[in-house]
Amino acid sequence: MKSYAALLSLLLVLGAGLHTAGQSEIFEDIGLGQEQYDYDDAGAADDDEKGGKHEVPSFNVQPMVFNPTVGETVNIPCTSGTKYDSALLMKRRYFDDSKAEQLISGDTFFFVKDDRYSIQDNVFTITNVRKSDSGYYSCTYQTPDMNINVTHTLDVYFSATVKPEHKIIEAIKGDKADLDCNADGNPKPTITWTKQGGKMPSGEAQERGTSIIFEEVDRHVHGTYECLAQNGVGEPAKGTREVVVFYPPEIRTEKEIVHTGNGDKVELVCVVHANPAAEVQWTHDNKPVDRDTMAEVHEGGHRHLLTIEQVSEADFGVYQCSASNKYGAVFEEIKLTDAPSAPAITSDPHSAEESSYTLTWTTESYYPITAYTITYRKTKANESTDEPGEWMEIAEDVAEGAQDAGPSRSFERTVADLERATDYDGVLVIRNSVKPSADVTFNFSTRKALPPTSLIQLGDNKDALAGMDKAGGHRHPNAAASASLSASLLSLCLFRLLSIASQ
């Protein structure tokens with residue numbers, strides 16, 4: 001009789017149709033009311049309360065969550081302590097459409113044909129699970145009076161993927177660019193961005209986030225970026241986003257002034273960055289250069305060289321490196337000269353001496369420096385006027401053996417017979433065997449004098465230090481001399497501190 005009853009229950013389900021909409025109205029269609037009942041371990045419905053006519057089914061498992069990885073096997077229990085006449089139904093609702101139910105099986109009969117499905121001892125098994133198997137699985141006993149359910153959650157884990165694996169994003173300088181990793185996976189993957197061959201434009205080695213937005217791109221954004229998606233399941237997934245930035249040329253010269261001389265070999269260099277590649281031209285004093293040039297890749301740009309094998313007088317002047325593409329044009333200048341560079345003052349402007357100042361400087365010159373001239377004057381002739389003092393001059397020749405080999409050369413000269421605690425203005429000009437340099441102005445000051453009290457005077461009063469009675473602390477007759485000595489020491493220290501501070 002039990003098998004007939006189970007079969008009758010199953011036929012009722014089949015007669016109502018395979019979809020939930022039909023299942024929910026099965027018993028209403030035959031005139032029987034139906035009550036929904038979610039099973040609770042706190043106690044099954046007492047069939048005595050229903051008139052003692054039917055044994056109400058129940059489950060001995062609580063709702064569970066399963067997280068298998070794709071390809072694994074999962075066992076979903078629908079077990080109970082007793083075998084019932086009612087058919088055990090397995091229903092499924094998908095996460096993205098939880099209202100629509102699909103009837104998978106009734107007892108051991110499957111409405112959904114899939115070789116991966118099986119039921120044994122009220123345990124529903126799925127082998128080689130797929131991510132599409134995720135959803136809510138309800139074990140259901142359906143009686144004329146009620147439905148008894150226990151619902152399990154199947155959330156299938158799968159490794160991260162990135163689509164598309166490669167993408168090209170093109171932008172013009174100043175445009176906005178958006179890099180999106182488009183990663184999928186369960187659990188949700190974390191995304192890490194890196195730039196091939198260097199750091200991110202922000203200066204960081206890597207950044208996190210599903211996307212990166214560049215509000216205004218420039219040439220530093222140009223390059224290939226990798227997004228790494230990983231969620232702890234399987235191997236991480238990688239995607240590349242190639243950012244192509246189109247921009248006008250940008251030029252940098254290695255030296256703005258090149259110091260050389262007759263017979264020397266020189267290279268004039270400008271580094272050009274541009275996309276698309278720029279057309280580069282050289283001119284000399286506004287005339288096209290009639291000599292071979294060379295370009296090589298350097299630090300992501302093109303290093304353009306103009307080589308002069310043997311410099312002659314006609315080669316001196318201003319050279320212009322010009323670059324242009326469809327987005328713009330730019331140029332930089334390089335001066336080729338045989339004059340020494342303007343001297344760079346390297347000495348401290350505050351002298352450590354009261355009556356002298358040692359001036360030091362450096363210069364660049366292909367030829368040896370032959371002479372220099374230092375002119376100087378007091379900033380104020382005296383305390384009663386703001387007018388400067390008279391100019392004084394030191395002009396000296398320099399022996400070739402008294403200087404560095406070059407082209408970088410260093411010099412020093414002490415200016416003596418100065419007034420203490422005085423500010424001075426100065427002008428320095430140097431020359432080599434061909435030309436003078438540009439004038440350079442500078443300022444300096446001498447140290448202020450020490451107060452008249454000296455350590456020798458203190459030594460003469462050393463007997464005054466014995467003016468204190470060690471036993472009783474009473475002053476001897478020479479205690480006044482000791483107090484005077486202390487005041488002198490204090491004055492000396494205070495004056496020295498003020499002198500240092502004013503320098």
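This briefing describes selected backbone features and strand pairings of the structure shown above. The model is predicted: local features need pLDDT of at least 70, side-chain atom pairs count only at pLDDT 80 or more, and totals for chains, interfaces and linings use all residues. Residues are numbered from 1 along each chain as its sequence is written, and side-chain values use heavy atoms, with hydrogens and water left out.

Strands are named here as DSSP runs (E, at least two residues; helices are H or I runs of at least four residues), numbered from the N terminus. Two strands count as paired if DSSP finds at least two bridges between them.

**Cis peptide bonds**

- Asn-186 and Pro-187 are joined by a cis peptide bond, with omega about 5°. Pro-187 belongs to the loop between β14 (183-186) and β15 (190-195).
- A cis peptide bond also leads from Asn-275 to Pro-276, where omega is near 0°. The loop holding Pro-276 is the one between β21 (266-275) and β22 (279-284).

**Positive phi in loop residues**

- Asp-107 is a residue other than glycine with a positive phi, near 55°. Its place is the loop between β5 (97-106) and β6 (109-110).
- With 28% relative accessibility, Asp-107 counts as partly exposed (buried means under 20% relative accessible area, exposed over 50%, partly exposed in between, using a 1.4 Å probe and protein chains only).
- Asn-182, likewise not a glycine, has a positive phi near 50°. Asn-182 lies in the loop between β13 (177-180) and β14.
- The relative accessible area of Asn-182 is 39%, and this residue is partly exposed.

**The hairpin of β7 and β8**

- Strands β7 (residues 117-120) and β8 (residues 123-126) run antiparallel and are joined by 4 bridges. Tyr-117 has Ile-126 in β8 as its bridge partner.
- The two strands form a hairpin with 2 residues between them. In the turn, Asp-121 has a positive phi of about 55°.

**An open sheet of 4 strands**

- The strand order in this open sheet is β31-β30-β33-β34, and the pairing is antiparallel.
- β31 (392-397) and β34 (440-445) are the edge strands, each pairing on one side only.
- On average, neighbouring strands of this sheet are turned by 20° against each other, direction ignored (axes are lines fitted to C-alpha atoms, for helices over the stretch in contact, and angles run from 0 to 180 degrees between N-to-C directions).
- Within the sheet, 6 bridges connect β30 (residues 369-378) to β31, and these strands run antiparallel. Ile-374 stands opposite Ile-394 in β31.
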